[in-house]
Amino acid sequence: MLTKKQKELYDFLDHYIKSNQISPSFEEMKKAVNLKSKSGIHRLITNLEQRGFIKRLKHRARAMEIVEKSSSIKD
């Protein structure tokens with residue numbers, strides 16, 4: 001199960017990547033989930049990646065992909 005902020009970020013990433021074909025910037029993610037620091041976003045991304053919901057692509061800026069479908073995420 002994801003925390004509220006993790007779910008918010010996951011949903012934002014899913015929608016943004018589908019709409020724009022690129023990952024959002026840390027600033028855009030920060031605003032979307034109403035956090036004040038980029039380090040908070042980094043922690044959320046790391047947790048989502050460790051749990052297998054997203055995959056960061058190495059050696060590419062702003063490169064993430066959604067691994068899990070949101071229907072498998074419990075609120």
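This is a predicted model: local features need pLDDT of at least 70, side-chain atom pairs count only at pLDDT 80 or more; totals for chains, interfaces and linings use all residues.
User: In what order do the elements of the protein chain run from the N terminus on?

Analyst: The secondary structure of this chain comes to three helices and two strands. Read from the N terminus, the order of these elements is α-α-α-β-β.

User: Which elements give two or more residues to the largest nonpolar core?

Analyst: This core has 14 residues, and Leu9, Leu13, Met29, Ile45, Leu48, Ile54 and Met64 touch the most other members. Leaving aside neighbours within four places in sequence, Leu9 is in contact with Met29, Val33, Ile41, Leu44, Ile45 and Leu48. The elements that contribute two or more residues to the core are α1 (4-20) and α3 (38-50).

User: How many residues apart are Tyr10 and Phe53, which form an aromatic pair?

Analyst: A search of the whole structure gives two aromatic pairs. Tyr10 and Phe53 form an edge-to-face pair, with 5.9 Å centre to centre and 75° between the planes. Tyr10 belongs to helix α1, whereas Phe53 lies in the loop between α3 and β1 (54-56), so that the pair links distant parts of the chain, 43 residues apart.

User: Is Phe12 buried or partly exposed?

Analyst: Phe12 and Tyr16 form a tilted pair, 5.6 Å centre to centre with 45° between the planes. Both residues lie in helix α1, four residues apart. Tyr16, at 14% relative accessibility, counts as buried. Buried requires under 20% and exposed over 50%; because its relative accessibility is 21%, Phe12 counts as partly exposed.

Conventions: Residues are numbered from 1 along each chain as its sequence is written. Side-chain values use heavy atoms; hydrogens and water are left out. A nonpolar core is a set of buried Ala, Val, Leu, Ile, Met, Phe, Trp, Tyr and Cys residues joined through side-chain atoms within 4.5 Å. Buried means under 20% relative accessible area, exposed over 50%, partly exposed in between (1.4 Å probe, protein chains only). Contact means heavy atoms within 4.5 Å. Rings of Phe, Tyr and Trp (its six-membered ring) pair if their centres lie within 6.5 Å; planes under 30 degrees apart count as stacked, over 60 as edge-to-face and the rest as tilted.
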